[in-house]
Amino acid sequence: MVSLTRIYTRGGDAGETSLGDGARVAKHDPRVEAFGTVDEANAAIGLARLSAPAEADAMLARIQNDLFDLGADLCTPEDGRRAAGALRIQASQVERLEREIDALNAELKPLDSFVLPGGTPCAAHLHLARTVTRRAERLAAALAVRETVNGEALKYLNRLSDHLFVLSRHVNDKGAGDVLWTPGANR
């Protein structure tokens, strides 16, 4: 576990940071960009939780914890010094997201247009979290081209953006409060 007794260390003052295996890399390193964006998604989910109904809040609380697991996964290179025994996203975490997506989606009417971010405050924040999650997924996928990345981590990000979309519709009165795109409406 982590023990934080001192918040600033001055170790990053020259533009470098430490990975989970102790390696020093630039703060703009693709691996840092990926796990840093996962952290941004987590913060956006925290905003959504402020107005989330109880069932959604419970799901989001589990997801926030998973995102710290995911950050730890991405922070510790699979071929690094501390790869053995490193915290990694597991298939069961992806499967839980899939079960929740299926259960939530079963209560929604099918879409006949694209959904614009909005509706309730919770839904709007979930859309923000979804877009940040998609960015994290793009960055993790780009990292995976250069270095080994846990495949379950990539799957988790992909499912999470779907989960956040379906959950946003669910908190929008099960889709009744969705804001739908009207193509060419303002021409």
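**A chat about a helical chain**

Modeller: Of the 187 residues of the protein chain, 42% count as buried. Keep in mind that this is a predicted model.

Biologist: Thanks! How many helices and strands are there in the chain?

Modeller: The protein chain has five helices and four strands. Along the sequence they come in the pattern β-β-α-α-α-β-α-α-β.

Biologist: And what box do the C-alpha atoms fill?

Modeller: Taken along the principal axes, the box is roughly 50 × 40 × 35 Å.

Biologist: What share of the contacts between residues at least 6 apart joins residues at least 24 apart?

Modeller: That share is 73%.

Biologist: OK, on to the helices. At what angle do α1 and α2 pack?

Modeller: The angle is about 170 degrees, and the axes are 9 Å apart. Angles over 145 degrees count as roughly antiparallel, so α1 and α2 are roughly antiparallel to each other. The crossing of α1 past α2 is left-handed.

Biologist: Which residues meet there, α1 against α2?

Modeller: From α1, the list includes Ala34, Phe35, Val38, Ala41 and Ile45. On the α2 side, Leu60, Ile63, Leu67, Leu70 and Leu74 are among them. By class, the contact of α1 with α2 divides into 14 nonpolar, four polar and three charged residues.

Biologist: Let's pick one of those. Where does Leu74 lie, and is it buried or exposed?

Modeller: Leu74 lies in helix α2, and its relative accessible area of 2% is under the 20% cut-off, so Leu74 is buried. Not counting residues up to four places away in sequence, Leu74 touches Arg31, Ala34, Phe35, Val38 and Val149.

Biologist: How about Leu74 and Glu33, how many residues apart are they?

Modeller: Leu74 and Glu33 are 41 residues apart in sequence, and their C-alpha atoms are 10.0 Å apart in space.

Biologist: Now α1 by itself. What should its 20 residues span, at 1.5 Å a residue?

Modeller: They should span 28 Å, and the end C-alpha atoms of α1 are 29 Å apart, which agrees.

Biologist: Which residues of α1 are buried, and what covers them?

Modeller: The buried residues of α1 are Arg31, Val32, Ala34, Phe35, Thr37, Val38, Ala41, Asn42, Ala44, Ile45 and Ala48. Their cover includes β1, β2, α2, α4 and α5.

Biologist: You mentioned α4. What span should its 26 residues have?

Modeller: At 1.5 Å a residue, α4 (residues 121-146) should span 38 Å, and its end C-alpha atoms are 38 Å apart, which agrees. Among the buried residues of α4 are Arg130, Thr133, Ala136, Glu137 and Ala140. What covers the buried residues of α4 includes α1, α2, β3 and α5.

Biologist: Then α5. Where is Leu157 found, and which residues is it in contact with?

Modeller: Leu157 is found in helix α5 and counts as buried at 1% relative accessibility. Leaving aside neighbours within four places in sequence, Leu157 is in contact with Val38, Leu70, Thr133, Ala136, Glu137 and Ala140.

Biologist: Last topic, backbone angles. What phi does Asp173 have?

Modeller: Asp173 has a positive phi of about 55 degrees although it is not a glycine. Lys174 also has a positive phi of about 55 degrees, and Lys174 is not a glycine either.

Biologist: Where is Asp173, and is it buried or exposed?

Modeller: Asp173 is in the loop between α5 and β4. Asp173 is exposed, with a relative accessible area of 57%.

Biologist: And where is the place of Lys174?

Modeller: Lys174 is in the loop between α5 and β4. With a relative accessible area of 41%, Lys174 is partly exposed.

Technical notes:
Residues are numbered from 1 along each chain as its sequence is written. This is a predicted model: local features need pLDDT of at least 70, side-chain atom pairs count only at pLDDT 80 or more; totals for chains, interfaces and linings use all residues. Side-chain values use heavy atoms; hydrogens and water are left out. Helices (H or I, at least four residues) and strands (E, at least two) are DSSP runs, numbered from the N terminus. The expected span of a helix is 1.5 Å times one less than its number of residues. Buried means under 20% relative accessible area, exposed over 50%, partly exposed in between (1.4 Å probe, protein chains only). Contact means heavy atoms within 4.5 Å. Axes are lines fitted to C-alpha atoms, for helices over the stretch in contact, and angles run from 0 to 180 degrees between N-to-C directions. Angles under 35 degrees count as roughly parallel, over 145 as roughly antiparallel, 65 to 115 as roughly perpendicular and the rest as oblique. A crossing is left-handed if the near helix is turned anticlockwise from the far one by less than a right angle, and right-handed if clockwise. Ala, Val, Leu, Ile, Met, Phe, Trp, Tyr, Cys and Pro count as nonpolar, Asp, Glu, Lys and Arg as charged, and the others, Gly among them, as polar.
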